[in-house]
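I opened a notebook for a structure that is new to me.

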Amino acid sequence: MSSKTFKLAALAGDGIGPEVMREAIKVLRAVEKRFSLQFDITEAPVGWAGIDAAGKALPDTTLELCRKSDSILFGSVGLPDRDPTIPKEERPERAALLRLRKEFSLFANLRPVKLYKQLAHACPLSLERQGNGIDVLVVRELTGGMYFGQPKKTEQVSPGVMRAIDTMVYTTPEIERIAHVAFKAAQLRRKKVTSIDKANVLENGVLWRDVVTTVSKHYPDVALEHMFVDNGAMQLMLKPTQFDVMLCENMFGDILSDEAAALAGSLGMLPSASLGATNGNQTFGFYEPAGGTAPDIAGKNLANPIAQILSVALMLRYSFGLNDAANAIDDAVTKAIASGLRTGDIYSAADATAKKVGTREMGDAIAAGV
Ligand code: IPM
Ligand code: MG
């Protein structure tokens, strides 16, 4: 039990963001009661909601709130069909999401991919390939590589010919710090790190491989293997059970984490944590579902709130060290799934025990189960 009040910024954003955020806060309030905790939750607009409310994707007041908070619970931003005239630098993906990652130095992105055994039918792989269960942690570097490298621009080289440049750049310390995160995470799991690179083609890949190998010497209890990214993509489909922790640079991690997500049956099941440096015993973190805004189903009570709810569990665990409360949320999600409740994305008529429910009903069941 703790008497500390944890101060949270809740930025629901666009599309399904507000609906799934509502369920996550419901669960957080249930945990607060059950474990006698105190959460001071302030909601603020971001994304197109920020543009509508204050003229920019990350309004100053929202950023200020984030600075004063212990952690950020984030929904999702970006609506591809909205106003194509807004310059790309001001659109929510870059101006809010990437900006926040950089602003708070959230270099470590953890994306746990776990296939619940009751959802085996929702996984695109055969039961045989699912083995004894798929449980992979993608550790993605989040503030470097091609996303942020300079120069980054589009220029005209001759009449009618444009040239676009993105720069992939990593320094030793950037690779070291994310490698430490991966090895430490592996120590708490099945003690294996697969480091992903493209060392056969990219300078970045060669440096990545060297630095990760050096860092691995600090973790003799963890097995390290290196894998080219193309092979990694294939191996995820062929034999995902071989992976424990996959350590990836920013772009490779973006791609492989979506691929891995498919194995869990739905993007709607996957939470994520983006962490900065640890300060004392508290780590500032940014917690969001791995999926996007899903505009096609927004506002219809169809979205799966589990990714957002599991993101709350990650926040309690990684930022606040509230392991019992985090476990209670994980268990409540498992119970809801075991009891047959399914949002549309994880529903299969072939499963006789499955009962299709909406966003709200799923949230209610999980809140009642903590
Ligand atoms: C993710 C998303 C983002 C990324 C987009 C929305 C900018 O795909 O978090 O994986 O590419 O990092
Ligand atoms: Mg992505």
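The entries cover pockets, a cavity, aromatic rings and some points of the backbone.

**Entry 1: the model.** I note before anything else that this is a predicted model.

**Entry 2: the largest pocket.** I began with the open spaces. I asked how much space lies in the largest pocket. The value I found is about 910 Å³. I then looked up the lining and counted 33 residues in it. Nearest the centre of this pocket lie Leu110, Leu137, Leu314, Arg317 and Tyr318. By class, I have 19 nonpolar residues in the lining, with six polar and eight charged ones.

Entry 3: I repeated the search for the next pocket. I wrote down about 430 Å³ for the space in the second largest pocket. Its lining has 22 residues, and those nearest the centre are Glu93, Leu97, Arg101, Arg111 and Asp254. Two or more residues of this lining come from each of β3 (71-76), α4 (92-103), α9 (250-263) and β12 (282-289). Which element gives the largest share? I found that α4 does, with five residues. The classes here are eight nonpolar, six polar and eight charged. I checked the domains for this pocket as well. Domain 1 and domain 2 both give residues to the lining of the second largest pocket, so I place it between them.

**Entry 4: the cavity.** The structure holds one cavity of 30 Å³ or more. I noted a volume of about 40 Å³ for the largest cavity. Its lining is made of Met168, Tyr170, Ile196, Asp197, Lys198, Asn204, Gly205, Trp208, Glu249 and Phe252. I saw that β8 (192-197) and α7 (203-216) each supply at least two of the lining residues. The most comes from α7, with three residues. I sorted the lining into five nonpolar, two polar and three charged residues.

**Entry 5: aromatic rings.** I asked how many aromatic pairs the structure holds. There are six. I looked at one of them, phenylalanine 74 with phenylalanine 286. Their ring centres are 4.7 Å apart and the planes stand at 35 degrees, so I wrote the pair down as tilted. Phenylalanine 74 is in strand β3 and phenylalanine 286 is in strand β12, so this pair ties together parts that are 212 residues apart in sequence. Are the two phenylalanines buried or exposed? Both phenylalanine 74 and phenylalanine 286 are buried. I also found a cluster in which ring pairs link Phe6, Phe39 and Phe320.

**Entry 6: charges over rings.** I looked for arginines placed over rings. Arginine 140 has its charged end over the ring of tyrosine 147, at 5.2 Å from the ring centre. Arginine 177 lies over the face of phenylalanine 107, and here the distance to the ring centre is 4.2 Å.

**Entry 7: arginine 22.** I looked up one more arginine. Arginine 22 is in helix α1 (residues 17-34). Its relative accessibility is 33%, and I list it as partly exposed. I also took a distance from it to serine 195, which is 173 residues away along the chain. The C-alpha atoms of arginine 22 and serine 195 are separated by 37 Å.

**Entry 8: the backbone.** I asked which peptide bond is cis. The bond from glutamine 150 to proline 151 is cis, with omega near 0 degrees. Proline 151 is in the loop between β5 and β6 (153-158).

I list lysine 191 as partly exposed, at 34% relative accessible area. Asparagine 301 has a positive phi of about 60 degrees, and its place is the loop between β12 and α10. Asparagine 301 is partly exposed, with a relative accessible area of 25%.

Conventions: Residues are numbered from 1 along each chain as its sequence is written. Chains are lettered from A and ligands numbered from 1 in the order in which they are written. This is a predicted model: local features need pLDDT of at least 70, side-chain atom pairs count only at pLDDT 80 or more; totals for chains, interfaces and linings use all residues. Side-chain values use heavy atoms; hydrogens and water are left out. On a 1 Å grid over the protein atoms alone, a cavity is a set of points where a 1.4 Å probe fits but cannot get out, and a pocket is an open set with protein on both sides within 12 Å along at least five of seven lines; lining residues have an atom within 4 Å of a point. Grid points are joined across faces, edges and corners, and a volume is the space filled by probe spheres set on the points. Ala, Val, Leu, Ile, Met, Phe, Trp, Tyr, Cys and Pro count as nonpolar, Asp, Glu, Lys and Arg as charged, and the others, Gly among them, as polar. Helices (H or I, at least four residues) and strands (E, at least two) are DSSP runs, numbered from the N terminus. Domain bounds come from an automatic or database domain assignment. Rings of Phe, Tyr and Trp (its six-membered ring) pair if their centres lie within 6.5 Å; planes under 30 degrees apart count as stacked, over 60 as edge-to-face and the rest as tilted. Buried means under 20% relative accessible area, exposed over 50%, partly exposed in between (1.4 Å probe, protein chains only). A charge sits over a ring if NZ of Lys or CZ of Arg is within 6 Å of the ring centre and within 35 degrees of the ring normal.
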